[in-house]
Amino acid sequence: MASQLPPGANLCDYPASTPPDGVTPNFVDPYSLAPVVTATSALTYSIAILFTIARLYFYFPKWKLSDCFVIIAVAFSGGYMGIIFWLNKYARHEWNVPLCWFNASYMKVLYAQGVVAGMMFFFSKISVFLLYLSIFSIDRPMQIAIYAGIAFTTALNWSSIPLESYYSAPHVGDTWESLLLSQQPNHNITYGIVHGALSVVLDVYIFILPMPIILSLNMTARKRLQVLGVFLTALMGIVASVVSLVYRIRLRNLQDNTWAQACVYACVLVETNVAIMVSSMPAASGIMRRQFRESSLFHSFQKSTFSSNDGSATKRQPYFQNPLSFFHTRSRSVKSTLNRGLSSESSYELQLRPSDLDMEMGNYRQHRMEDMGFSPSGRGIIRTIQIDQESFNNMTIK
């Protein structure tokens, strides 16, 4: 477009691309995707922050590598959102963008968003795999599958830095303005399509990875649905990843790039923030359980439930006292697991971070497989023991 302009022309008077027939460029108040991008990004990022705060509070002070990865992912997501907000003025049809807006600053910001996006994807997706590792590491095939996912995620996203640096930054002797007339940045469109397609595969892999174990658990349908609900949140990430891929492909058209780019930016942020939510969901559920247990509603329900059993020696706790018990059940040392032949016993010691009951009742160990409602070995018959609340405070199950 710029090569067709007369010498000395004011670039701000010309559109960045030729509008369709019958359409007049509008530089004053064109329809823009900026409100949609802003609202979607801010909403999902706010939820991701709340989940992260819940996670850090719940596991404090026993923070581990996975918690650090989530913090870094939130920081990169916030930085990426700031970049996208700067680019919001371009979130319109390209023929409604003045040609003078495409300058060195624009190219520098595009380069920054490409690099930050790769790091943001890496830390957010790895945090989910680290969550899986803490839950399913006792299962050897699952452990191998998780490490394979970590390796794939690392290779996919760290490769974006050298590629962005080669195609989206000026080479020696060139300037940022020279990239505007060069075909060099267009190679990143092809890479973006490949990256988008592989991201869809990765998101589907993250989603289905825990499903075989969850569906094979010996638990009630209600509990199974509640456990599945944690991981079904990842479906939002898959949808965002697919939509992002569609608009990445449309970028090859090179007719309305600014519009398609705005859609890609919004989907990228949603996909990342969903990954942060998924990795922090168990801790957030633990906070919800604690708040429910301490609420007046729960105490009223507990009082009405136990009022008819005051004379009995043993009071069984209702399910609603621990509505999310598959996340953080009573802290105790469960060591007896009978196999199918009932001929031997196996002991499993899963050392984990203290739950809220650790703080309330002492230094009991928390068992992550038990927290999620899983059998430690994934097979055999589990011995279930009913105990009363009064005696629980003075004993350890062996």
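**Entry 1**

I started with Asp67, which counts as buried at 0% relative accessibility. For me, buried means under 20% relative accessible area, exposed means over 50%, and partly exposed is in between (1.4 Å probe, protein chains only). The model is predicted: local features need pLDDT of at least 70, side-chain atom pairs count only at pLDDT 80 or more, and totals for chains, interfaces and linings use all residues. Residues are numbered from 1 along each chain as its sequence is written, and side-chain values use heavy atoms, with hydrogens and water left out.

What does Asp67 form a salt bridge with? Its partner is Arg55, and the closest N and O atoms are 2.6 Å apart. The pair links distant parts of the chain, with Asp67 in helix H2 and Arg55 in helix H1, twelve residues apart. I took helices as DSSP runs (H or I, at least four residues), numbered from the N terminus. Arg55 also counts as buried, at 2% relative accessibility. A salt bridge here needs a side-chain nitrogen of Lys or Arg within 4 Å of a carboxyl oxygen of Asp or Glu.

**Entry 2: the Lys125 network**

How many salt bridges does a search of the whole structure find? It finds three. Lys125, Asp203 and Glu271 are linked in a network of them. I looked up each contact.

The side chains of Asp203 and Lys125 meet at 2.9 Å, N to O. Asp203 is in helix H6 (residues 187-208) and Lys125 in helix H3 (residues 104-136), 78 residues apart. Lys125 and Glu271 also meet in a salt bridge, at 2.9 Å, N to O. Glu271 lies in helix H10 (residues 257-294) and Lys125 in H3, so this pair ties together parts that are 146 residues apart in sequence. Asp203 is buried. Lys125 counts as buried at 3% relative accessibility. Glu271 is buried too, with a relative accessible area of 3%.

**Entry 3: helix H2**

I checked the length of H2 next. Its 22 residues should span 32 Å at 1.5 Å a residue, and its end C-alpha atoms are 32 Å apart, which agrees. The expected span is 1.5 Å times one less than the number of residues. The buried residues of H2 include Phe69, Val70, Ala73 and Val74.

Ala73 has a relative accessible area of 0%. Which residue is 200 residues from Ala73 in sequence and 8.7 Å away in space? That residue is Asn273, taken C-alpha to C-alpha.

**Entry 4: aromatic rings**

A search of the whole structure finds 15 aromatic pairs. One of them is Phe60 and Trp63, edge-to-face, at 5.7 Å centre to centre and 70 degrees between the planes. Rings of Phe, Tyr and Trp (its six-membered ring) pair if their centres lie within 6.5 Å; planes under 30 degrees apart count as stacked, over 60 as edge-to-face and the rest as tilted. Phe60 is partly exposed, with a relative accessible area of 49%. Trp63 is partly exposed as well, at 40%.

The ring centres of Phe102 and Tyr106 are 4.9 Å apart and their planes are at 80 degrees, so the pair is edge-to-face. Both Phe102 and Tyr106 are buried. I also noted one aromatic cluster, formed by Phe69, Phe76, Phe122, Phe123 and Trp158.

How values were computed
Helices (H or I, at least four residues) and strands (E, at least two) are DSSP runs, numbered from the N terminus.
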